[in-house]
Structures are given as structure tokens and as C-alpha cells.
Amino acid sequence: MKITLKLFASLTDWLPPEARRENQVALDYDSAPTVSEVIERFALPPKSVHLVLVNGAFITPDMRSNHRLADGDVLAIWPPIAGG
Amino acid sequence: MAWAGKILRVNLTDGTVKSEALNMQWARDYIGSRGLGSKYLVEEVDAKVDPLSPENKIIWATGPLTGTMASTGGRYTVITKSPLTGAIACSNSGGYWGAELKMAGWDMIIFEGKSPKPVYLYVNDDVAELRDAAHLWGKSVFQTEEIIKKTHQDPLMRISSIGKAGENQVLFAAVVNDLHRAAGRSGVGAVAGSKNLKAIAVRGTKGVGNIRDPKAFMQVTFEKKKILAENAVTGQGLPAYGTQVLMNVINEVGALPTRNHRDVQFEGAKDISAEAMKTPRKTDGKTHLVTNQACFGCTIACGRISKIDETHFTVVNKPEYWGASGGLEYEAAWALGAANGVNDLECLQYVNVLCNEEGIDPISFGATVGAVMELYELGVLTKEQIGIEAPFGSAKALAFLAEETVNGRGFGKEIGQGAKRLTAKYGRPELAMHSKGQEFPAYDGRAIQGIGLAYATSNRGGCHLRGYTIASEVLGIPVKTDPTESEGKPELVKAFQDATAAFDSSGLCIFTSFAWSLPDLAPQLAAACDDGYTTEELAKIGERIWNMERDFNNRAGFTAKDDTLPKRLLEEACKTGPSKGKVNELAKMLPKYYEVRGWNPDGTLKPETRARLGL
């Protein structure tokens, strides 16, 4: 199965260099990973994993280890940010 | 007590400038800036006044913490009755001008009447005089700043002025200070232009004294700055990426209004995002973003300073635009970009600089161009009428229309009337994305229910800064709420609206509220001004200010029928994203909102609400 991981702002640096311009990388998995498993695979610093969206929907921190991704899902993560 | 205790009253008709004692009871009850300036306006101006007539007044107001050592204490507001909406207008700006006025010893300046010829107000501490501005009329904001500073041989002077757009009374003309900070919304610049008021030049050398308890103030402002520095948003996210970091966030959640709100996701969002601004260009290997920048006393420094690619078609023969200048911030990038389907970052920055240079609001301008492009695609407007082919996505049309609008030429004159009037003229009023005549900012009210209610009930028309529920509904500040859910949003909107009114009135920046809440603001105001400023008191004052503004609008002729959204947001569902199939559930939220506000079903204040708030 394939999922798309998008990392933004300071988390861009955790993407492979060739993926940073687009802020995203395609990932292959044999079985559906949880959100936490993807986060661990990229060794994202816990304090920087703040806003986590799957297909644009918010995943609460306590759901990250339970929420399994499906084929074609888009997982997007930001550090603490804001704007106006 | 942090207030200077003095205001300037300038009668432009008579050419007189008088010093007047600040009404200290009003100061205590409305704090300053937005609240106090609005109190003066509603007491002195008939709500039914023609906004562009001499009978309207326009007020530049600081808050008690403006110019102090409190973080972000550089804010001021421009308050008047808006020519764009007919409602109360209060536009907030940063930079250095507000602190300079305070250091000259003045809390606010009230302008009344109309000057028979162009003038600017010169303020140098206690000296305040009207000066001839014939040589400045027709000049841009950038030129005006330079000429005034040279005239007075004082490079440290701070200037708040209008460009040609304000002179031409473009209905969304801004007041701009320090080159690229603006009281941008609601057409306050047009009111200044209608009065032949070009600029206010200020030099203040007195500092801000009169702090109620200086030792306590130093201690508490130090503690609160530490909170801002240690908070990941205000200490790291905003200085590094600015507000523009939201472009990809809002697109991902399916709430990025695109092509005049036809869509809620923009395929070109990544090309105009904060990340794109920090990515080296293919043309010259340089990044668009040069540095961040702080306003007076700010320890956050979210401002963006960028340079346009010198080979870009917009500036290739215009070296005057090759230097570093302000932008892009999220709202401008959205309005000039996604709202029109334009993903050309360099073009957006060029147009943004034009907006600063001649003083127009990029939100209302960009949103109006979005309506024009939709009318063009529908065949209602033609190339001959507009002056250029203007399909969605055309950077050339965007740049052309910006030049026409700021210079008051051709079809730009029609764009300068705003989306509501323009679409009505061509028989398609439903295509104006606005509330009370003011164009929406960068969040879709269908995908984010609370912000839709905030737009519908905003006292200055479509606006995110009157109740920024995005903080909660998207960013989880202070707590995460579900953006697709309308339940509980009336209470959330009211809480944000009231707290924001208190922050805005203090003289500090609302961006501190990403790390602070009213319990952080209260001890700073208490130490500076009055120990009665508790958290509870600030919440009550915020609510008082909101209701005072509402009451003015009601007297101006607004009713419950004006608390609404365009048909597109109420009936045309989101096509993509997590809110696919959703419209804004305003009809479900509005009655509850009126109930928690203490208003009658017709949107007027109940007598007990007036009594409770001292109105």
C-alpha cells in the first residue's frame, strides 16, 4: 500500500533532500501503519509533532497510535505554528 | 497610569489644532486604542453620517501599553465610519508610528471636518501643526515618507499616510506607516483622502512614563516575554515562517477559498507558501524571503521582508522594485493568489508592494479581482471592458488590474468600489464574497463553521481578526475544536470576539494571544494603569466594546438581516477535502449566538445587556 507523507515548516528538514522542494514523499508499506509508526520511522522530534492531519482531518495525540492509515491516505504534520 | 492623558483635536475645516484632556472615565472603561477610540467616535458622530462627508470623523488611537516595554507594544488603530461597509471601522497597525505618537505625549488624534486643501499634521512632542501638503498630493506612501523626512531633516520621524488610492477614495484604501505596515481594512484611507488629509508625521522624544507601578510592570512584562519566547508558536514558528505558514495548513484542511470561493483547495498553494518563500528560486538561486522583521517592542518578529526576482515580468524594467520590501503575509498571499487561482509568487509580491506603495487593502483588492475573474469566465465581463483577458490564474491580469486600481485608471476605478458594488453593477451580486460589504479573508466559512459565524457577525464586516476562531478550530489554541461542527461555536465566537476587543484596546498585538490569554494581559494593564484590571474585568470590557460597536451599527441601519453570508457559503457545498458536502450552518448558530450575546431576535441589545455592560 502507498501513503503520502507531507512534512512542513521546520519538519521539512526530516524529509529526504530530494523531497523537500515539494514537502512530500511517497511511502510503501506492506501493511497499514499507524500514524505513530510513520512518525517513528522518520524520527520526528516529539515536540515538533503538533498538528497531525490525515486527509485533512485532525488526529488527536491519543489517537496517533491507534489510527491506521489506508492505501492512498495523505498524512501531513506541522510543528506548532500559527498565523492570521 | 500609562495613558498620556492628552489628545489632539484637529479641525480640518478651520485649520485648528487643540490639546484636550483625555476623558479618564472613558479610558478606564474602554482601555484605549480600539475601545477608547471607538467610544469617542460613537459619542461624537451620528451613526447615519455619510462616511466620506466632512461630518464623519477619523481617529488615530494608541493604547495604554503602546510605547511601553510590554512586548508588541507598538500598535495603534484608525477608527472611523467605513465607506466600504457603512459600519464602524477600526483598523489596527504595527510598525513604529504608534509608539512614536505616544512618546510625543499623545494618546490619540481626532480629525474632524474637511480641509479646503491637502494638508499633513506635523507633531514634534508638544508642537502640533497642520502643514501644506500640495507637494505631496499625488505621491505614493513611499515618496511621502521620504519627502517629509527630508523636509524636516529628521530620518527618525515616523509617518502614517495615504497613497494615491486614499486620495482617489478607493473604498478599501489603507493608511500605511513605516512603508509596509498598514491599518489596512475597511477603507480608512479613503476617509482620510476625503478630508484632504495626506499624512501624520510624528517625532516623539519624551518616552512613556506615568506607569502606575514601574517595578511591578518591569517584573510582569519580563515574565510575559519569557512565556512568548518559550512558546513554540510565538518563540519559533512565527519568527521563522511568519503567518504564511498557514497556506499549506489551510489548504490541507480544505478551507482555502480558491477562485472566488468556487473551490476550497488550491493546487498551487505549495508554490505561494512560506516554504516556497524559503526555497531557492530556479532563476537566480536566491530565496524570495530575505529576513523576518519586528515591529516596535515586539519579541515575536513575524514580519516578512522579501525580494522579487529581478527577471520577473512584473519588474524586469523597474529597478525601483528590486529592493527588499514587506511581504508576503498569509492574508495577502491568499487574496492575491488562491482567491484568483494565481500561483506566481513573484507576481504576488509585486502586487503586494503596489498595495503598500499606494495604500490599498490586498484582501479586499484580491477578493474583488476574484469576483472580476469569475464574471469574466461567465462572459458577463469582456476583455474590452476589463482591459485585459482575465481568466482565473492569470498573473498578468492580476498585475495589470493592481496597477490600474492603485493609479485610478480604467477598470481599476470599478475594482476600487469593492466586490459588493462591482458585482451588483453587473447584475450578479451573489458572486461577491463578503459580509456587510467587506470581502472575506483567507478561511472558508463552510469548512470552518465558527469562522463563518465570526464573519457574519463581525462588526466591521467580513474579517478574521474580530474573532480568530481558527486558533481553536484548526490550530488547537487554546483547545482544539472540530471545524466541521457548528455546535458550541456561538459560545466560542463570542469568547474570541470579546477577548480580542480587550487585547486590541491595550495597544498590544493580538498575536500574543497564541501564547497568552486574558490572565496574562490583565497584570500588565494592572501594573501600568489601574489595579482594577482583572481578568474578569477585561472580559467584561471586551464585551462592552463589542456591544458598543454593535449598537453603533444598529443605529447606522444594520439589522439581523445583515448578519449573513453569501448564498455560495450557505448553499453550495465544499467540493473536496474533509468538509466535502458541507455548507455553513449559520441558521443553526445565529439564534444561539444572539442568546449568549444577550440580544433580541432582531439583533438589537436587550435593556438588561445594556445595563449589565454600562452602555
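Visitor: Which strand does strand 3 of chain B join through 4 bridges?

Guide: In this predicted model, strand 3 of chain B is joined by 4 bridges to strand 6 (residues 108–112) of chain B, and the two run antiparallel. Within this pairing, I59(B) stands opposite I110(B).

Visitor: And how does strand 3 of chain B pair with strand 4 of chain B?

Guide: That pairing is antiparallel as well, over 5 bridges, with strand 4 covering residues 76–81. Here I58(B) stands opposite T80(B).

Visitor: Are the faces of strand 3 of chain B covered or uncovered?

Guide: Both faces are covered: I58(B), W60(B) and T62(B) are buried on one side, and I59(B) and A61(B) are buried on the other.

Visitor: Moving to helices, at what angle do helix 7 and helix 21 of chain B pack?

Guide: Helix 7 (residues 214–230) and helix 21 (residues 518–528) of chain B pack at about 160°, and their axes are 8 Å apart. Angles over 145 degrees count as roughly antiparallel, so these two helices of chain B are roughly antiparallel to each other.

Visitor: Which residues make that contact?

Guide: Helix 7 of chain B contributes residues including F217(B), V220(B) and I227(B), while helix 21 of chain B contributes residues including P523(B) and A527(B). By class, the contact has 7 nonpolar, 2 polar and 2 charged residues.

Visitor: How many residues of chain B are in contact with chain A?

Guide: There are 30 residues of chain B in contact with 21 residues of chain A.

Visitor: Which helix of chain B gives the most to that side?

Guide: Helix 8 of chain B does, with 6 residues.

Terms used:
Residues are numbered from 1 along each chain as its sequence is written. Chains are lettered from A and ligands numbered from 1 in the order in which they are written. This is a predicted model: local features need pLDDT of at least 70, side-chain atom pairs count only at pLDDT 80 or more; totals for chains, interfaces and linings use all residues. Axes are lines fitted to C-alpha atoms, for helices over the stretch in contact, and angles run from 0 to 180 degrees between N-to-C directions. Angles under 35 degrees count as roughly parallel, over 145 as roughly antiparallel, 65 to 115 as roughly perpendicular and the rest as oblique. Two residues are in contact if their C-beta atoms, placed from the backbone, lie within 7 Å. Ala, Val, Leu, Ile, Met, Phe, Trp, Tyr, Cys and Pro count as nonpolar, Asp, Glu, Lys and Arg as charged, and the others, Gly among them, as polar. A residue is buried if 20 or more other C-beta atoms lie within 10 Å of its own, exposed if 12 or fewer, and partly exposed in between; C-beta atoms are placed from the backbone. Two strands pair if DSSP finds at least two bridges between them.
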